[in-house]
Amino acid sequence: MTRIPSLSSNPDHPDRQYALGQELRVSVLTSAEETDGRHDVTDSFMLAGAATPLHAHTRYEERLWVSSGSLTVWAGDEKVTLRAGDFYTIPLRVPHAIAAGPDGARALNISTPAGFAEVIARTATPLHLFTDATALDVELFNAVAEELGDLILGPPGTTPADLGSKPPGSI
């Protein structure tokens, strides 16, 4: 069983820690409001084997810096495994999916301009309300993600190669 580490927190905003379903814990360290929308920064932990749906961001790039564990990222026609200390940029409009390795993964997520932290703040459960029964509200998540320019292209486990005739790396 994977131990969930304590996430970093912003002492000015200690209430910005969330659970997205059972698979992801997120602490919003810097929000759009604090950077005039230039970027946001989150500290995240994905449980072992957890995976995102195949998706693409139409309004922001996503940058990942892994601090522990490992993440496999499928982005366009690339597949990379990131380990502690590795950094990776997912460009705008590139279909991608992310899965945590056997020990889970902790990473800083930086979106530019800001976007990811708002998706989390609007759709996740505040961590102090989290229980073993907490589930992701998929309908709410998909609606907010779409409103903010994210395209959900397939369920968890789907990779860009599954898009068929569309060339990898484009939407």
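Colleague: What should I know about the numbering and the cut-offs for side-chain atom pairs?
Modeller: Residues are numbered from 1 along each chain as its sequence is written, and side-chain values use heavy atoms, with hydrogens and water left out. The model is predicted: totals for chains, interfaces and linings use all residues, local features need pLDDT of at least 70, and side-chain atom pairs count only at pLDDT 80 or more.

Colleague: Is Ile90 buried or exposed?
Modeller: Ile90 lies in strand 7 (residues 87–90); strands are DSSP runs of E, at least two residues, and helices are runs of H or I, at least four, numbered from the N terminus. Contact means heavy atoms within 4.5 Å. Beyond four places in sequence, Ile90 contacts Glu61, Glu62, Leu64, Val73, His96 and Ile98. Buried means under 20% relative accessible area, exposed over 50%, partly exposed in between (1.4 Å probe, protein chains only), so at 0% Ile90 counts as buried.

Colleague: Which backbone oxygen lies 2.6 Å from a polar atom of the side chain of Thr123?
Modeller: Thr123 is in helix 1 (residues 116–123). Thr123 is buried, at 8% relative accessible area. Beyond four places in sequence, Thr123 touches Leu20, Leu140, Phe141 and Val144. The backbone oxygen at 2.6 Å from its side chain belongs to Val119.

Colleague: Within what arc do the buried residues of helix 2 fall?
Modeller: In helix 2 (residues 138–147), Phe141, Val144 and Ala145 are buried. Seen down the axis, they line one face of the helix, because they fall within a limited arc, taken from the directions from the helix axis to the C-beta atoms. On the other side, Glu139 and Glu146 are exposed.

Colleague: What covers the buried residues of helix 2?
Modeller: The buried residues are Phe141, Val144 and Ala145. Their cover includes strand 1 (17–20), helix 1 and strand 10 (150–154).

Colleague: Which residue joins Thr112 through a cis peptide bond?
Modeller: Omega of this bond is about -15°.

Colleague: What is the phi of Asp36?
Modeller: Asp36 is in the loop between strand 2 and strand 3 (40–46). Asp36 is exposed, with a relative accessible area of 70%. Its phi is positive, in a residue other than glycine, and is near 55°.

Colleague: What is the phi of Arg93?
Modeller: Arg93 is in the loop between strand 7 and strand 8. At 44% relative accessibility, Arg93 counts as partly exposed. Arg93 is not a glycine, yet its phi is positive, at about 70°.

Definitions and conventions. Polar contact = N/O pair within 3.5 Å; in protein donor to acceptor, adjacent residues only side chain to side chain.
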